[in-house]
Every structure is written in C-alpha cells, then in structure tokens.
Amino acid sequence: MNEITILVLTVTIALVVISLWFGRKKRNFPPCPVFTLPIIGNLLSLSGDQRSQYRKWRKKCGDIFCLYVGSKTIIVLNGYELLKEVIIKRGNEFSDRPVSSFDTMAGSVGLGVITSSGKIWKEHRAVTLNILRKFGMGKNLLAERMQEEVNHYLDHLSSYHGNPVDIRLITRTSLSNVMCAMMFGQRFDYIDAKFNTFMAYLGDLFHYFYLNSFTDFLPLLRHLPGDFFKVKLLKREMKELFQFFNVMVERIREDSTQESVISSYLEELERRRKSGEDTTMDQENLLKFIFDMFIGSSETTPGTIYWFVLYMINFPEVQEKVFAEIKENVGTERVPTIQDKTKLHYLHAAILETQRLCSLAANSFFHTCLQDTTIQGYDIPKGAYIVPCLDSVMYDENIWGKDVMNFRPERFLDPDGHVHVPEEFVPFSLGKRICVGESFANTALVIYVSNMLQKFQFLAVDPKNPPSMDYQFGLTVLARSYEVKIVAREN
C-alpha cells in the first residue's frame, strides 16, 4: 500500500468519524449521562457493574437515556410503563436483534431463535414453540425426563456427606443434561469426558461474554495482537461445539427411533420440503437453534437455583417454612412432582421472589429498531441498540413496596395464601421476544427445589457468617461463588 493510498484512507476515515460525531450532536437523542469521546464514545465510562451504573444514570437522566460505544447508539429504557409502550405496544418496530459477537464467531449471523430477526425469527419461534409443546414443555413428558435427572442430581449432592461444597457447576451440568435428554434423546454421565468438555466450553462463553461483547461495538478489537478479548479462544471452542451438535444431528438423522426435539425439527423440515412450502428451516438454523437452547438452559435456570439456595441459607426460617409445606402436602414417602405445584403455594412464592430479587436478566437481550423512529419525543436512529432494563421494574418500590430489596416471599401471596403474580413480574422479559424457554425454567425450578428441600437442609458453613448475597455482572447476574453444607433430613 503506497503513501497516497494510506493518506486517502486516513482522510476518508477521519471525515466519516467527524460526520458521525457532528451528526449525533445535531439530532434530538435522549440525554447521555457522561461525556462522550470521539470514536470510542462512552466506552471508558462503562464499569463491570452496569446494574448499579444504570440505576445511578436513571436518577440523573430519567427513564430514557443513551450511550455511545464506537459507532453504535445504545438506548436504555427504564420503568414498566415505558417498557410496555415500546416492547409490547410497539413491538413490531423493536422486535429485531442486532448482530452479536457469538454469532459472528460461530458464522451464524441471523440464524436460530434468540438472535435472529425477520422471517427466520418468526418461523423459528413458531416452530420452536410447536415442537416444545409437542414434546411436553410444561407437561408430564418434560417433567418425567426432568425427574429422572433430578434423581441423579440428588444422589450426587448426597455424595458430599455434609462437607462444604460449591454446587454451581453440578447444578449447571444437571440442567444441561435435561436439555440433552430433550434435544438428543439421551443424558450423559457426569464424568463423561466429551460432556465435560462441552460444559467447559459453555462455561467459557458465559465467563467471557462481557469482555468479548466490546468487540460488537468496536470490531477492530477482534484483530488486535494476542487474545485479550478471547475472540480466538471462543471462536475455536464454538467451532467444536457446533461440530458436536452436527455429529448428534447426523446420529439422530440416521436413527430417529428415539423421540427428541431434533428429530421433531427434522421431521417438520422434511414435511415442509415435500409439500413445497417456503421455509427458512435448514441444517444451519437447526445447529444455531440447538446452541440457543443450551445457552438458555445452562445459565439462567441453574443460576436461579444457585440464588435460591443462597437465599435459603441466609433465610433459614423461609427454608423451614417451605419444608413444612412440602411435608404437609406431599409428605416424605414420595418425591414432589409438577402436579404438586398447585398445593405448594409458599414454595412457589419463594421461587417467584428469588426470580424477582436476583433479577438474573437485568438488562435482557438487546433489541434493535428497523428504521428511524422516536420514543417520548426523542430521535432513535435506525439500528440503535435498545436495552429494556428489567431491573428498573423488578426493583420498583411503587410495585413491590418499600422493602423491595428484601427477600420476602409473602409479597406474592394474597390474603388467602394463594399465589398472585402481578403483571409487572417480568423475569423472562416481555413482548414478542419473551424467552421461549419460560415453561422449561418454571417446570425445572419447581421440580428441582421441591425435591432438594424435601431431602436436604442447606446450611451455612459458618452459621455466624453466612455467604454474601452479592452478585457478579455478566451475560446474566450471578451470585458470587459460595460453599454450602448439604445435610440429609431425617424422615
């Protein structure tokens, strides 16, 4: 490349940056809470804990504010009424997803169900829900598969014999095994080498998500020497994950006698092709769909159970009240099942309060808009990243009361002791992009925690110093690692 070419490129880039910079200044965008630098925008102002940062910026700017990172504009929405107006009532304008770094690394941009948009998303959301309904999502078939896995999980917890242990990994592994049973028609042993490699790769995706996400806004970061943003590592591991999924798909394609979600997808794909229907269903979308389902089941539901146990350790009176309800309505001679949910009101309320207080999906997944538009009189540019801040709803004193930051399951019980769930309870987001795995999560939470508390007491290692209820911010809001003593209850 000669000097003239370099000069032309430099001048061109400079003009583009200047044009974008002054273009932003002229438009009536929502207020920005911090000083904005050219090129990198507010990158240096972002902390690792966006939960507390967004809360502070909302007090400064109001229910809507914007941030700039690289060439991207981020619009943060707060408060149930504003989220309802934008995400539900104007859902057609804001239902698309921006491209994520995961999709770029996997070569699956716009595929699957979580981060796809338009025709692919609409078809695959409908297909996903139909298959999961057929498979028994929220019904007996799913519950039976889950109960089998819970038995293995409880046996594993028993093997610690009351010694201090961190249950995060085994809980994630167990819930992933439920998804394996659904997707592949088989579960894996906890010591299976391939399965453990698979789990390690998923763990890396969650662990490095926040760091890697900066490459969404400044793509040049992907090409820096070394691998500070873990692009090379995650790209290699995602390639191996998709190869594993492909092997499982081909195995099922050759022998589909075992009912599974994948076999159902392949049957529906074949039916549509034979009938000549126009469809986006294909091998690439199937592989991304499998990935999406594991991303959902391997982080959010295990993370909620991990929070639940932490709250039970810190609030032993709640734990004993839940056990008393199980003992009275189920007994100890048989295991609790999903059919017992309607009798376990306090348990259900404790689960709901866990979901509310941990607010695992604090900022949900990004949405984007298809064209230039406005929100509350502010200009919103085409392609802006829209952040529905679910924290602003789950921690709203006007909805939940002045003790909003306290763990109190009773807030979900009516005067007769029956469960009441307000409209503003949005742990799975809201609108057209509400999580497709909601029924899976709700079924898993009831079956897992009812069985866990029927069989065990979960105790602090040091009763005078129970583990902190602090969190770590990333793809989801996780409890910080802790150890617990798991003591078998006497029948």
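How are α14 and α18 oriented to each other, roughly parallel or roughly perpendicular? I looked it up: they are roughly perpendicular (65 to 115 degrees). The axes of α14 (residues 316-329) and α18 (residues 438-455) cross at roughly 95° and come within 9 Å. Axes here are lines fitted to C-alpha atoms, for helices over the stretch in contact, with angles from 0 to 180 degrees between N-to-C directions. Helices (H or I, at least four residues) and strands (E, at least two) are DSSP runs, numbered from the N terminus.

Next I listed the contact (heavy atoms within 4.5 Å). α14 brings Gln319, Val322, Phe323 and Ile326, and α18 brings Ser450, Leu453 and Gln454.

A note on provenance: this is a predicted model, where local features need pLDDT of at least 70, side-chain atom pairs count only at pLDDT 80 or more, and totals for chains, interfaces and linings use all residues. Residues are numbered from 1 along each chain as its sequence is written, and side-chain values use heavy atoms, leaving out hydrogens and water. The chain averages a pLDDT (the predictor's confidence in each residue, from 0 to 100) of 90.

β1 runs antiparallel to β2 (residues 72-77), joined by six bridges. I also noted leucine 67, whose bridge partner in β2 is isoleucine 74.

Methods:
Angles under 35 degrees count as roughly parallel, over 145 as roughly antiparallel, 65 to 115 as roughly perpendicular and the rest as oblique. Two strands pair if DSSP finds at least two bridges between them.
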